[in-house]
Amino acid sequence: MAKKFRSKKAVERGSNAVIYVILTVISVIWLIPFVFLILQSLRGEPGATTNYFFPKQWTFDNYIRLFKNQGISASTGEVVSTGSYKFMNWYGRTLLISVCVTVIQTAIVLVTSYALSRLRFKLRKPLMNLMLILGMFPGFMSMTAMYFLLQLLGLTQDMSIVGLILVYVGSSCMGYYICKGFFDTIPKSLDEAARIDGASRQMVFFKIILPLSKPIIIYTVLTAFMAPWGEYMFASLIANGDPSYWNVAVGLRDMIQREQLTAYSDSFQRFCAAAVVVSLPITILFFLLQRYYVEGVTGGSVKG
Amino acid sequence: MAKLSLKHIYKVYPNGVKAVNDFNMDIEDKEFIVFVGPSGCGKSTTLRMIAGLEDITAGELSIGDLVVNDIEPKDRDIAMVFQNYALYPHMTVYENIAFGLRLRHIPKDEKHPNGKFTKEEINARVLEAAEILGITEYLGRKPKEMSGGQRQRVSLGRAIVREPKVMLLDEPLSNLDAKLRTQMRAEISKLHAKLNTTFIYVTHDQVEAMTMGTRIVVMKNGFIQQIDTPKNLYNYPENKFVAGFIGTPQMNFFEGTMKREGDAVHIRFAYSEAEVTVPYSYFYKARPDYLDGEKQVIFGLRAENISISPAAVKNSPAVIRFKVSHKEELGNETLVYGDINMEGDGYVESSTRIIIKCGEDVDLMPGDIAEAALDLDRLHIFDKETEESILPRIPQYNYLQAEVKGGKLHFLGEEAELPPAIFCEDGEYQLLLPSDAICSGGSIRAKLVSSEKIGDQTLYSLEVGGTRLFSVALTEGDAENIRIDMKKIGLIRNGEEVVRPMPLTATFGGVMKKNKVVEEVEKKGKTVQKKVIRFFLDIEGVDFPAPDRISAKLISALSARKAFEKQLRYECSAYGLTVTEKGIPAKVLRIADYGTEKFAVCAVGDKEVYVKTDAELEGEIFLTPDFETIGVIQADMDIRIV
C-alpha cells in the first residue's frame, strides 16, 4: 500500500502558525515596557504610581511642564519652576556631546579599521590583540584616574562637555572589529586597480572604499551616537555638581529619586515623558538609516 | 612601447617563504608573454611585482630604460586586468573607464591649464575604448547589471584607455565559462595585435598559454622551468614537468633503462615485459653515461606520436604491446587508454599507462592486446631523479674516450697538446668535452654535418673521426678547423675526476659592516673632522668600502638592520680579481698555464682561487675583487642580491 504523504504546503502552514504565535508572544512581552512608558507619560493623575495600567486622565501637561522646566512640588502639590533643574538644558548638552562624539569616533573607527584591514606592518597583529585585551576591562576601572586627570585639565563640571567628549572618543578606535571585518570583504584588487589607475592611498579610501561602505558607516554612526546618548556612569562623575552640568541620563536618574516620588509630585510622569523624548532621536535616526543596512552595495564589483 | 627586463628577481615573504627565485628574463617590445604554471608557482607574484603591487626583495626590474623597483604603480605606465575584474561597483561603466584618465597628471599647457585631461578628451578616449571592446551601449550601466564577460570587457577598457606601455593580465578569463573563455581569448589576442603593446598574461591554463603567447614562461615552485615559444615548449621540453604540463592528453611517461650495444640501443621498460632495440642514431644527443643499461630514466612520448595503424607498426623499429583498458571517443579522434603492463589498468596515471591518439574509428575493445609503434624522433628522455632532459636540444657535454701520452691528448684519431696546467699520468681517460669548449681556428679537422639555430645560440653538429661532436662556440663559416679550449675540459679515470675544468668563479664568504669613520669634510671653507657612518663589505675578514650601489641593494633586500647580520657569499670571476697591495691575503700555490692564458692558483683560507695574471706571481699576495662584476648572494636563503 502506498504510503500516505501529508501535503507539503499543509505542513508548512502548520509550522508557520506555531512560529508566529511564539513570535507574537515574545514581541508583546518586549513591547509592554515601552507601551507602559508612553501611557505613564500621558497620565493626568498625580502621584508616583497607580495600581492600574491605563491612565484615567489623559494629558500632555507632563510634556509641557517638562519643556517649561516646571514641576509639581513634591511637598505642596503646586506647579513650581524647577530652577537649574532644566531638562532641555540636559538634552541640549547631551545632543552636543553625542554629535561631536559621533563625528570624531566615526572618523577614527573608519581610518583605524581601514589601516588594520589593508596595511601590513609589524605591530599590526600585536596592536589588534592589545586592543582586544584592553577592551575586556570594563571602562569604569579607569574612572577615578580619568576624573582626576580631567580635573587637572579643568575639564570637569562646567567644562564637562569637553571632558566627556574626550572620555567617549578616547578609546573609540577599539571598536574597529566590525568595521575591519567589513573592509576585509571589499576585495583588495579594487584598491590595487585604483592605485594603478593613479589614485593615492587617501584617494582610494575616499573615492573607492567609503562610497562602498555606506552600511558600515551608518552602523558606526548609530553605535557612536547611542553610546554617549544614554551614558550614565562617567557623566555622573565628571559632570557632577550643579544640575546644569548634567546630561539626560544623570538628570533622569535624579527625577526618580525617592524624595521626588510623593503622592503629589509629577516627577515620575515627567520622567516617562522625558524618556520618550530621549528615545526620539535614536528612533528617527534608525528609521532614516536602516535601509542602508540591507542594501548590498558591493554587488557587481567582483565575480557575482 | 617598451622592453622589460627582469634581472635576478626574488620575492621572499617576511615569513621566509620564497615565492619567486632568481627570475631572469628579457621581454621585447610588443611581445605577448604568458606566465603559466600550477597554483602557487609564483607567476602572479611576479606579475604583481612588475605592476608594483608587491615589493621586489632583490633584483632589478626595468621598464624601458628605467629601473622601476621603487616607483609607484601609477608611475610605471602599466595597466592591469584582474581575475575578479575589480570594477568600482558604485561607478557606471563610463566612470570606471574614465577614472584613471581623470586622475592622470599630464604636463600643463594651454589646452590643459590644470594639468589634467579635458572632459572632451576623456570622453573621446572612453568612447574609443568602448568602441574597440563593443561595450558602447553599456556605458551607463553599473557593473552589477552586467554579465561576467561584459565586466571583463569593461576591465580591459579601463586598462587600454590608459594607453600603457605594458598590459598586465592576471588570469582574466578564469571566472568565465568555457565558451566565453574561448571567445575572449581570441579577443584579447586581437586586442594585442591592434594595440601593439607588450602584454604579460598570467594563467594556469596551458591551452590559453599555448594559443595566445608569443613566448611562454613555465614556472613551478617559484622557479622558471623553461622560457620558449609555444612550439618549442611542446616539442623540446627541458624537463619532465614542462613535458607533462604542456599538451593534452598528458605526455606518456614510462620508466626504463637504455643500453648501448654498438650501433643499437636496447630499451627496457620497467614494470613491463616491453623492450625494443633501436638504432643509436636517435640518441646522438643523449648523454652517453645514461646508455649503460642501469641508470633509471623516464621516457616521454606524446599520445599522437604513438600509432596503432598496421602500416606504422610494420615499419617501425620500436613496437610495444599493450592491453587496452578503455577508450575516450571525442568525435574526430579517439583516445585509447591502455597499459604496457599486462596486469596493469590504464585508468590511473602510472609509469606503464599508455594513451594513444587515434583516428575516428578504432575497433579495439577493452581487454584487447594490441601493438603500438613509437615515433622515436619525438622521444623525450628525462633523468629519473632530476627530471631534467638528457636528450637536450643543446647538449652540454661531449663524452669521448681519450688517451694521454707524453703530454699529448689523443682522441678520435686526433691529437692535441696538453697545456702545462694540465698534468696527469699517461693512460686511458674519459674526456668530458663541453660543447662550448670546441672553438674555431685550430688544427683538428672536422666535418660540419649540420647547424641549427636554437634561441640565440647556434648548435653545430660535427663529425671528427666518425664520431658526432656538438659545439656552440664555433664562429660562423669556420667549422672545418677546430681547437679545444683546454680550460674547460675534464678527464675522468675510473669514475674519478683527474682533471677538472678550471673553476671560472671564486666564492668568498663574509658580511656587510657598518663602521663609524672619521672623515675630513669641507664646511664653510674650513676642513673639519666629522664622524660619518660608512658601509664596508667584509670579504674573508678584510674590509672593503662598499660601493653605494651594492650597500643600497643589500639594505633594501635584507630589510635594513638585518643586512648586517646575514652571512653573504661573494662570487668573483677569475678575470675579476686583481693583485693589489692590500686586500684578501692569498698564497700562490702554482701557476696554471693554459697556453694562451695564465692563471695563478692561490690558496685563500682553505679554498683554491684562480686569478688571471700575466706576471709570474709567487708567495703571499693580496687580492681585490672588481666591484663592478662581483656577485653578492645572501647565503642562507640563497638570494642573489647583486
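**View 1. Contacts between helices α3(B) and α4(B).** In α3(B), residues B:A129, B:A130, B:I132 and B:L133 meet B:R153, B:L156, B:G157 and B:I160 of α4(B). Two residues are in contact if their C-beta atoms, placed from the backbone, lie within 7 Å. Helices (H or I, at least four residues) and strands (E, at least two) are DSSP runs, numbered from the N terminus. The model is predicted: local features need pLDDT of at least 70 and side-chain atom pairs pLDDT 80 or more, while totals for chains, interfaces and linings use all residues. Residues are numbered from 1 along each chain as its sequence is written, and chains are lettered from A and ligands numbered from 1 in the order in which they are written.

**View 2. Packing of the two helices.** Helix α3 (residues 119-133) and helix α4 (residues 148-160) of chain B pack at an angle of about 135°, and their axes are 9 Å apart. Axes are lines fitted to C-alpha atoms, for helices over the stretch in contact, with angles from 0 to 180 degrees between N-to-C directions. The angle therefore makes α3(B) oblique to α4(B), a term for angles that are not under 35 degrees (roughly parallel), over 145 (roughly antiparallel) or 65 to 115 (roughly perpendicular).

**View 3. Domains of chain B.** Chain B is divided into domain 1 (4-232), domain 2 (249-383), domain 3 (397-499) and domain 4 (505-640), with bounds from an automatic or database domain assignment. The C-alpha centres of domain 2 and domain 4 of chain B lie 55 Å apart.

**View 4. Chain A.** Chain A has 13 helices and two strands. Its C-alpha trace spans about 85 × 75 × 30 Å along the principal axes.
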